[in-house]
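Let's walk through a protein together, question by question. Keep the sequence and the 3D view open while you read.

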Amino acid sequence: AAYHEHLFVGVDFASTEEEISALLVLDLLNLGSGYKLQLAACQLGRYKHGEWGSAFVCMLEGTEAAARAGPLTAVRMAGWTIEQTETHFQLPAATSEQGEARAREVRAALVELNSLVTSALRSAGEALLARGHASGGALVLSLLRSPPHADDSPLESDGSPLPGNVGPARRTSLPLTAASLVETLASFLPPFNDVGTRREGAGLQGGRACSCAAGGGST
């Protein structure tokens with residue numbers, strides 16, 4: 001489809017870090033599948049092209065607009081507001097008592113989606129700042145330069161060796177794979193840490209699903 005041929009069209013990135021930051025933001029905003037009907041009603045994202053599908057394009061176009069306005073740094077993300085989400089993602093920031101009941105319901109749902117987008121950006125920015133990274137791109141580049149490590153010797157929760165493991169734990173580099181990179185990002189950034197529990201048959205199973213509206217779809 002025409003809307004999916006290119007990513008970040010017209011965005012002039014000043015560095016690789018800025019570009020990776022924008023891609024990371026787009027990936028962490030993998031949400032909104034539970035709001036298909038409301039997005040379609042407002043002709044947002046993919047729906048303005050007359051097609052049915054996910055909310056991906058709404059998040060893509062919003063992230064593109066945000067990136068055009070400036071680098072998606074940790075500081076900018078940590079201070080993100082519902083008004084900025086409204087400006088860049090075209091998602092209303094407040095409900096309205098005007099109009100027909102259905103229109104008010106649609107707007108209220110998109111206000112909720114605005115809150116999810118805003119919360120995801122803020123929590124990711126705060127997590128990056130807490131770990132001393134200037135942006136999501138800086139985090140990814142640091143992981144590429146210095147892969148995660150694993151302890152050869154198990155430790156107590158306070159960091160001390162378990163009985164029988166005398167001396168400091170030895171640390172070895174883990175091989176950097178796509179899986180290990182994703183797992184590290186999931187442990188660092190709250191929007192990626194979307195592990196939940198789903199019911200299958202008579203039992204419960206752990207599962208990882210993308211963020212979505214309560215009662216809505218997931219991928």
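Q: What covers the buried residues of α7?
A: First, a quick note: this is a predicted model, where local features need pLDDT of at least 70, side-chain atom pairs count only at pLDDT 80 or more, and totals for chains, interfaces and linings use all residues. Residues are numbered from 1 along each chain as its sequence is written, and side-chain values use heavy atoms, with hydrogens and water left out. Helices here are DSSP runs (H or I, at least four residues), numbered from the N terminus. Going by contact (heavy atoms within 4.5 Å), the cover includes α1 (16-28), α6 (101-130) and α8 (178-188).

Q: How many of the ten residues of helix α7 are buried?
A: Buried means under 20% relative accessible area, exposed means over 50%, and partly exposed is in between (1.4 Å probe, protein chains only). Gly 136, Gly 137, Ala 138, Leu 139, Val 140, Ser 142 and Leu 143 fall in the buried group. So helix α7, residues 136-145, is mostly covered, and the count of buried residues is seven.

Q: Which residue caps the N-terminal end of α7?
A: Look for a side-chain oxygen that lies 3.3 Å from the backbone nitrogen of Gly 137. That oxygen belongs to the capping residue, Ser 135.

Q: How many salt bridges does the structure hold?
A: Side chains of opposite charge can pair when their charged atoms come close. To count as a salt bridge, a side-chain nitrogen of Lys or Arg must be within 4 Å of a carboxyl oxygen of Asp or Glu. Here the total is two.

Q: What is the N to O distance between the side chains of Glu 105 and Arg 102?
A: Both residues lie in helix α6, three residues apart, about one turn of the helix. Glu 105 is partly exposed at 48%, and Arg 102 is partly exposed too, at 44%. Their side chains meet in a salt bridge at 3.8 Å.

Q: Is Ala 130 buried or exposed?
A: Ala 130 lies in helix α6. Its relative accessible area is 71%, so Ala 130 is exposed.

Methods:
Helix = DSSP H or I, 4+ residues; strand = E, 2+ residues; numbered from the N terminus. Polar contact = N/O pair within 3.5 Å; in protein donor to acceptor, adjacent residues only side chain to side chain.
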